[in-house]
Structure formats: structure tokens, C-alpha cells
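Subject: Structure for your review

Dear colleague,

Please find the structure below, with the sequence of each chain. My notes on what was found in it follow.

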Amino acid sequence: MTLLSVRDVSKRFGGLQAVSGLSFDVVQGSIKALIGPNGAGKTTLFNLVSGMLDPDTGEIFFRGEAVQELSSHEIAGRGLVRTFQHIRLFPKMTALENIMVGRHVHSKAGFIAGMLNLPFTWKEERRIREKSFEIMELLGIADHAQVEATSLSYGQQRVVEIGRALACEPQLLLLDEPAAGLNMRETNEMGELIAKIRDMGITVLLVEHDMSLVMKISDEIVVLSYGQKIAEDRPLSIQKNPEVIRVYLGDEQ
Amino acid sequence: MRTRYLPVAAFAGLIVAIQLATHFTDSAYHLTQLTMTAYYSILIVGLCMLIGYAGQISLGHAGFFAIGGYISAFLTARDLSSIKGSGFVSFLSKAGLLVSRADLYGGSLLNVHPWCACVVAVVATVVIAYFVGGPVLKLRGHYLAMATLGFGVIIYRIVLGTEFLGAADGISDVPGFPLIAGLEVTGKSSLRVSNYYVAWGMVILGMLFLLNLIHSRVGRALVSIHGAEDAAGAVGIPAARYKLNVFVLSAVFASLAGIFLTHYNGGIGPSEASVMKSVRYVAIVAVGGMANLWGALSMSLVLNYLSLRGYFGSFDDTVFGVILILIMLFAPDGLLRRHLFTDLKRLFSGGAAGEEGR
Amino acid sequence: MAGITYGTIYAIVAIGFNIIYNATGIINFAQGEFVMLGGMAAVTLSRFLPLPMAILGAVAITMVVGAVIEILFIRWLRGPSVLRMIIITIGVSILVREIALHVWGESVRALPYFTGSSVSSINLGSVYVSPQVLWVVGVSAVAVGALSAFFSYTMLGRQMRACAANRDAARLCGVNVGNMVTLSFMLSAAIGALGGAVVCPITYVHYDSGTPLAIKGFTVAILGGLGNSMAAVGAGMILGILESFSIWVLPAAYKEVVSISILLLILFVRPSGIFGSAEASRLKEF
């Protein structure tokens with residue numbers, strides 16, 4: 001089943017056409033990668049899909065519903081969650097609390113309930129805390145639960161941010177350069193983590209520069225250049241695509 | 001939860017201690033300014049929530065104070081006897097919303113009951129706050145500051161220039177506000193002690209609500225919005241809606257402060273809506289540590305009391321202006337930063353941060 | 001007519017905002033106080049000095065105040081947020097205002113009319129105009145012209161424009177950015193003071209006149225597009241005229257409500273002003 005469908009999407013910033021006439025699909029249960037040289041429009045596309053920007057033209061369908069006009073929190077509420085290229089953890093909060101924020105869409109207590117400290121909120125808070133801790137255990141970072149999130153190592157922060165996204169119980173997870181700034185060991189672990197996420201039933205769309213990671217875990221790859229799609233295929237075919245090689249693939253493992 | 005409520009109990013103890021101290025030193029007249037300080041503090045803690053937790057500046061909060069105070073004053077002090085026969089008045093009368101009282105000269109007045117006036121004032125505040133807050137909160141930086149400043153000045157000009165709101169003289173002869181069980185908010189010196197406790201009781205109730213909110217799911221969401229707004233949106237937090245809600249909440253706090261202080265003082269004047277007052281409130285929140293409710297409350301207690309007792313003399317406004325400058329120059333996160341306390345706590349508890357954390 | 005007079009003074013304040021904004025990205029709320037100081041100081045000095053000297057003296061004093069403000073409060077801050085800066089300048093404007101209150105008291109003052117008196121008028125075609133209005137417009141026009149020539153043709157002016165465009169690049173070219181900032185404050189103060197002195201025979205001045213002017217000057221600056229001084233002139237006229245026409249519709253006491261409502265309207269709908277462009281306004285970062 002097609003989970004995400006991008007149809008003929010374009011976005012222009014003043015004189016720069018960041019994305020133009022872009023179309024592709026993401027099938028449920030797969031891992032799809034977006035690659036392309038810098039400035040190819042990958043992050044813009046992520047911003048468009050996740051609701052942080054509205055496209056000039058085109059449509060974006062998620063689970064059959066047109067979502068291009070929705071705001072980011074509405075899209076997140078429908079099961080499409082993203083992480084950020086430059087880690088955006090909440091400062092002044094522990095790692096556990098950061099993940100607890102991710103449970104927001106699956107909890108109810110509002111302003112009045114909060115102010116009055118109603119009894120149903122006590123159970124809800126406890127469940128939020130437990131579920132968040134479970135996620136940390138799943139990701140292997142449970143030891144750092146009470147540590148201030150921004151004081152963790154870079155690799156650990158990336159995992160926390162993914163944990164926060166997982167707490168939303170998304171159906172589609174957008175990972176923006178998850179391996180950026182990671183060493184080889186951490187990159188391998190990230191690859192295993194992404195595969196584990198896919199095995200949990202979550203579809204993954206990722207932007208990545210690390211070709212070994214991309215080739216290893218992706219089911220399909222979309223190649224962008226100057227805002228346009230120049231190829232969409234399985235990894236082995238992409239490696240052999242002359243257009244792609246010409247535009248982009250410099251070193252490959 | 002114990003760590004949350006312990007300071008509240010301690011503060012309540014402080015309030016009682018102060019009252020007993022004035023009782024035994026025969027200086028009960030201090031209670032008057034302390035009671036007024038309490039009402040201003042309600043506004044201050046609400047504003048602290050807005051500035052510290054929603055991350056929004058408001059240089060026009062005195063405007064909401066004035067909206068509450070003036071509407072309540074107008075409805076409870078304006079004599080409806082002249083239009084007694086009209087359908088509107090008889091409707092209000094049948095609904096039990098009117099009250100008769102005697103004026104200074106023995107004539108009879110027909111006014112709206114303070115409870116009804118209070119409800120109308122709060123509802124009006126909520127409507128205005130949603131209406132103004134929506135577009136204003138989309139602004140950033142100095143645009144937001146100027147917009148809120150402008151809002152405050154508009155309210156000031158309206159109350160200053162409108163005849164039926166008393167123009168420069170304001171509205172006086174506002175009756176007391178009867179609460180429950182014989183308690184009444186009024187300036188009568190015979191009821192000084194009970195009024196002191198009523199006022200500070202309201203402050204404590206307000207603090208309880210806000211402390212609960214901070215430690216709730218919404219409070220966590222607010223901190224996340226303040227920390228990284230787009231990341232918060234990316235995990236499903238409706239940032240704009242929450243910020244607006246906090247804005248309205250802080251406006252209601254300000255409005256209630258205005259309502260009750262007006263009944264306590266027996267009147268209100270346009271100076272309560274002035275820019276100077278708004279700046280003063282921001283200065284107090286800033287000194288107290290932008291996101292520190294207890295800091296804002298303690299600073300409010302000290303500074304408002306000193307100001308009301310006249311300790312600053314003719315330099316009253318100057319003092320707050322200077323405080324604001326100094327804080328913004330040297331300690332823009334405020335003196336009593338939220339993490340100063342948690343940092344100290346960690347130091348003393350040997351490094352293990354408690355489960356309740358924040 | 002009142003519309004043109006007030007419009008001119010609003011434009012002057014707006015230009016003052018723009019000069020500092022262009023050099024530093026800061027909105028200097030104390031701008032209104034410069035105008036007030038110009039008027040107050042001129043009145044005091046006019047008791048010992050002939051009128052032109054008194055005005056020059058007032059301008060000089062205000063320039064010194066501007067420099068002092070910059071040195072004491074702005075200069076040594078490292079990368080402050082825009083919001084923090086505007087709050088500091090609000091605090092500074094309160095300080096200046098309170099000092100003025102203690103120095104000059106609460107009385108309202110005015111300079112005598114430069115030529116003629118409050119009832120004299122000059123016939124311009126079919127309209128009768130007070131000569132003071134001509135002075136206001138004339139002096140302002142000369143000041144604006146001088147400023148624009150300064151920025152276009154002098155070395156110092158070009159250095160300031162370089163700072164406005166790109167601070168770091170200017171620094172690399174050897175421009176002393178710190179001094180440029182101080183200079184921008186002094187220039188803003190000068191033009192504000194000059195405007196204040198020239199307009200006070202008509203509008204009178206007292207310790208409190210600064211704040212409303214700051215708000216309206218800001219409105220005009222935004223209306224014309226923040227940083228764009230030529231547009232500020234036009235925008236000032238528009239606001240002044242709108243304000244004076246509002247008297248036909250609303251009681252005079254609400255004049256300020258009208259101008260602030262215009263401010264709020266612009267901020268909500270088109271913060272880049274009617275002459276600015278959305279792109280350009282986004283470039284000035286928050």
C-alpha cells in the first residue's frame with residue numbers, strides 16, 4: 001500500500017527553484033532514501049512533506065489524505081513524524097522528558113485538567129513515563145534517562161531524537177541525515193536501528209549522504225538534482241545508472 | 001508532588017506569620033498595602049507564565065488589568081435607577097443580577113451585582129485576549145513588543161478619554177464584593193484582616209493552578225515550545241494554540257487582579273492602564289527570573305509593597321525602569337533563574353537529581 | 001495643516017529610528033526622548049542665548065546624550081537579542097523621561113514662534129499657513145537633504161552604509177564599527193532634537209511628550225518599510241493626515257487610538273510596510 005504520495009510538487013524561494021515537479025511514492029513497510037548533492041532540495045522536500053512549508057504547486061497524500069496545506073503538528077498527529085538534520089532536542093529537559101514530549105499526541109490532559117491536577121492525569125502521566133522509558137530501553141539508552149539531554153554525546157542525542165519521534169507511534173518516520181556527524185561504528189549502529197524500526201512496522205524515508213548506509217539498508221532510492229528527480233530505483237540499479245553517476249556518485253563502497 | 005506543594009505551604013506560613021507580626025506590633029495598617037500587593041501579584045504570576053513558559057513578552061498587560069477593573073467598576077457603580085423602567089433593567093432584575101444600595105447622600109442606587117459584573121468582565125477579557133492574541137502572537141522580537149505596548153496604550157487612551165468611564169478621574173464609589181460566608185472584598189478597615197487573607201488566599205490558589213499546569217503534560221509541552229518550537233510542532237504539539245491559551249490565561253489573571261483590587265480600593269483610575277505599570281510588571285517578572293514563579297512572586301511582594309508604601313518616593317517609575325535596564329544588561333534570564341535552584345539542589349543532594357526532577 | 005506639521009515630526013522620528021536600525025538592527029525606543037530633549041533644552045537655553053544658538057546648543061546637548069546612551073548601554077553588549085535591546089531602550093527612555101521630569105518639572109513649555117506669532121499667517125495661494133509650519137517643513141527638508149547627502153557623498157556616510165549592509169565585511173575593510181554605531185546614535189539624536197526644537201512652538205513640549213512620539217514614529221517607520229528613510233517621509237505625511245482627519249469621525253481624545261490601530265493593522269497584515277518588500281524585511285534577522 002502506498003503510504004506517502006508526492007505529486008508534482010514545486011517550491012520556489014525568490015529566485016531559487018528549490019524543488020520542481022517532484023513526484024514519488026513511498027510504499028508501506030519499506031525504507032526509502034533520498035539522495036542528491038547539496039542544494040538538491042532534499043531538506044526542502046522534507047519541510048514540505050512534514051508541513052513546515054506549503055508547496056507552490058502539487059499535492060502530497062499521506063494515507064490517502066491530501067496534507068500539503070496542513071500544519072506540522074496536524075501532520076504529526078496523523079502519524080507522520082520527522083527528525084532534524086541539526087539535532088533539535090529540547091534544552092533544559094532530561095532525555096526521558098524529551099521522549100515524553102513525543103507522547104503528547106497519545107495523551108489528553110489539557111489546560112484545565114492540568115491546572116486542577118485531576119486524578120486521571122496522574123495515571124496518564126505515569127503511563128507516559130513508563131512508555132517513554134520502554135522506548136529508551138528499546139534503543140539501549142535507558143541509562144541516560146535522567147541526564148540533561150543536551151549534555152549527551154552527539155550520537156546519543158541522535159538516538160534520543162529518534163526515540164522522541166518513535167514515542168509518537170508514527171506510521172512514517174522521516175529521518176533527516178541520521179548518520180551526520182557519526183563515526184563508522186555509530187553509523188553501523190544507526191543502520192541497525194533503522195532496520196529495527198522498519199521491522200517494528202514503521203515506514204522510513206530518509207535523507208542521507210553516507211552512501212554505504214544508504215546502499216545497505218534502503219529498499220529504494222530517489223535521486224534529486226537541482227530540485228528535480230533524476231532517478232528512482234533499487235540501490236543496485238541506482239549504482240549503475242549513468243545519469244546518477246554523472247551527477248553525483250563520487251565515491252562508493 | 002510533595003516538592004511542588006511544600007513551598008506553597010511554606011509561603012502560606014509566611015503570610016500568616018506576617019499578619020501575626022503586624023497584630024503583635026500593633027501595626028495592622030501595613031495590611032492594607034500588603035493586600036493590594038497580593039492582588040498585583042496575581043497579575044505578576046500570570047505574566048510570569050506568559051513570559052517564562054510561553055516565551056512571549058507583553059508590554060501591555062496593564063491593559064487587561066484595566067479591562068477587568070473598569071468593566072467591574074462601571075457595572076457595579078453605575079446607577080441604573082434612571083432607566084429603571086426599561087425592559088433591559090427589569091430582565092436583569094428578574095434574573096437576580098441587580099442590587100440596591102444607598103449612596104453617600106441617602107438616595108438609592110441600582111447597580112449590577114458584583115458577581116455578575118465579575119463574570120461579564122472575565123468573559124470580555126477572554127474574548128479580547130483571544131481576538132488580540134491571535135495575530136499578535138504571530139509576531140516576533142521587537143514587533144511583538146511594540147504590538148503589545150500599543151495594545152496597552154490603546155486601552156489607556158480609551159479609559160482616559162471616555163466620559164462615561166470617568167475620563168481622567170476614573171470610577172469611584174465602587175462597592176465591596178461579597179464572596180461567600182460573609183467574606184467581602186472591601187477596603188473597610190474593620191475587615192482588614194479577613195481581606196488580607198482573602199487576597200493572599202487567591203494568590204495561593206492561583207499559584208497552585210500554575211504550578212500544577214507547569215508540572216502537567218501541557219507544562220511540558222510549553223517548555224518544549226520555548227526550547228525548540230519547530231521540533232515541538234514536528235512531534236504534534238500545537239504551538240500557536242498553546243501560546244494563545246497561555247496568553248489568555250495570563251490575561252484572565254490580570255483581569256481578576258484588576259477586578260478585585262478595584263473592589264478593594266473602591267475605585268479605579270486610568271493610571272492603572274499606563275505604560276509605566278506594564279513596564280513595572282515586566283521588570284518584576286524579569287528580576288524574579290523569567291520562568292520562575294516563586295521568584296516573580298517574591299519580587300512582587302517586596303517591590304510592590306515598597307512602592308505602595310511610598311519608599312521610592314518620586315522616583316517610583318525610575319526605579320522600575322532602572323531595574324529593567326540592569327536586568328536586561330547583566331542577567332537577561334533574570335536573577336533567580338529556574339535552574340539556580342535545581343543546580344543548588346543537585347549540589348546538596350550529592351548529584352542525584354530526584355525522580356520528580358524539574 | 002496640523003496633519004502636515006505632525007506628519008513631519010513623525011517622519012523625523014521615523015528617520016531617527018531608521019538611522020539606528022540600519023546601523024545596528026536595534027529599535028531605539030528612546031528616539032522620542034531625543035525630540036523631547038531638543039525642545040526642552042532649546043527652551044531653557046533660549047533664556048540666555050539668541051534663538052538660533054539655543055537651538056544649536058540643544059541639538060549639541062542631545063547629541064551628547066545620544067552618545068552617552070550608546071556608550072553606556074549598547075556598546076559593550078555582545079550579540080544581544082533584538083527583543084532584549086528594545087526592552088533596554090524602553091528602560092532608557094523611562095530613565096531619560098524621569099530625569100527630564102526632575103530637571104524641568106511637569107510644566108509644559110514652548111519656544112516662541114520663529115517669525116511672527118501664533119496668529120500670523122502667510123497666504124499661499126488659496127490657503128493660509130502659519131509661518132511656523134513653513135519653518136518646520138523647511139528645516140526638516142533641509143535636514144533630510146543634508147543627511148541623505150551625508151550618506152551618499154561623504155566618506156563617513158559611506159562607511160555607515162557599509163556597516164548597515166554587512167557589519168563584518170565593513171570591519172574587514174577597516175571601518176571602525178563601534179564608532180559608526182555611536183555616530184548613528186548621535187545623528188539620530190541630532191535630527192530628533194532639531195525636529196523637536198522647530199516644532200515645539202506649535203505642539204508644545206513637556207517631559208512626557210517622548211513616548212507617544214516614539215510609538216507614532218515607529219508606526220511611520222514600519223509603514224514606510226523599516227530602514228527606508230525616503231519612504232518614511234511619505235509615510236509620515238500619510239499618518240499625520242489620517243490622524244488629523246480622524247477628528248471628524250472620532251473625538252479628539254482618541255487620536256492616538258487611531259494611530260496605534262494603524263500600527264497594529266500594519267504589523268498584522270504587512271509588516272514590511274507599504275513601500276518595503278517582504279523579502280527585504282525578512283533579511284533583517286530577528
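Helices (H or I, at least four residues) and strands (E, at least two) are taken here as DSSP runs, numbered from the N terminus. This is a predicted model, in which local features need pLDDT of at least 70 and side-chain atom pairs count only at pLDDT 80 or more, while totals for chains, interfaces and linings use all residues. Residues are numbered from 1 along each chain as its sequence is written, and chains are lettered from A and ligands numbered from 1 in the order in which they are written.

**Chain C**

Along its sequence, chain C reads α-α-α-α-β-β-α-α-α-α-α-α-α-α, that is, 12 helices and two strands. Of its 286 residues, 49% are buried (20 or more other C-beta atoms within 10 Å of a residue's own, with C-beta atoms placed from the backbone; exposed means 12 or fewer, and partly exposed lies in between). Contacts are counted when the C-beta atoms of two residues, placed from the backbone, lie within 7 Å. Among those in chain C between residues at least 6 apart in sequence, 75% join residues at least 24 apart.

One helix pair in this chain deserves attention. Helix α9 (residues 210-224) of chain C and helix α11 (residues 255-269) of chain C have axes that come within 10 Å and cross at roughly 35° (axes are lines fitted to C-alpha atoms, for helices over the stretch in contact, and angles run from 0 to 180 degrees between N-to-C directions). The crossing of α9(C) and α11(C) is left-handed, meaning that the near helix is turned anticlockwise from the far one by less than a right angle; clockwise would be right-handed. From α9(C), the residues involved include Pro212(C), Ile215(C), Thr219(C) and Leu223(C), and among their counterparts in α11(C) are Glu256(C), Ser259(C), Leu263(C) and Ile266(C). By class, this contact of α9(C) with α11(C) holds nine nonpolar, two polar and two charged residues (Ala, Val, Leu, Ile, Met, Phe, Trp, Tyr, Cys and Pro count as nonpolar, Asp, Glu, Lys and Arg as charged, and the others, Gly among them, as polar).

**Contacts between chains**

Chain C contributes 30 residues to its contact with chain B, and chain B contributes 28. On the chain C side, α4 (82-104), α9 and α11 each give two or more residues. The largest contribution to that side is from α4(C), with 12 residues. The chain C side comprises 24 nonpolar, three polar and three charged residues.

The contact between chain B and chain A draws 25 residues from chain B and 36 residues from chain A. On the chain B side, at least two residues each come from α7 (192-214), α8 (217-227), α9 (229-234) and α10 (239-265) of chain B. Of these, α8(B) has the largest share, eight residues. This side of chain B has 13 nonpolar, nine polar and three charged residues.

**Chain A**

By an automatic or database domain assignment, chain A is divided into domain 1 (1-79 + 170-253) and domain 2 (90-169). Their centres, taken over C-alpha atoms, are 27 Å apart. Eight residues of domain 1 and seven residues of domain 2 make the contact between them. The domain 1 side consists of five nonpolar, two polar and one charged residues.

Chain A also has an open sheet of four strands, ordered β2-β1-β4-β5 with antiparallel pairing (two strands pair if DSSP finds at least two bridges between them). The pairings are as follows:

- β1(A) and β2(A) are joined by eight bridges, with Val6(A) opposite Phe24(A). These strands form a hairpin with two residues between them, and Gly14(A) in the turn has a positive phi of about 60°.
- β1(A) and β4(A) share five bridges, and Ser5(A) stands opposite Phe61(A).
- β4 (residues 57-62) and β5 of chain A are joined by two bridges, with Phe62(A) partnered by Glu65(A).

Helix α1 (residues 42-49) of chain A lies across β1 (2-13), β2 and β4, at about 65° to β2(A). Seven of the eight residues of α1(A) are buried, including Lys42(A), Phe46(A) and Val49(A). Just after α1(A), Gly51(A) adopts a positive phi of about 95°.

With kind regards
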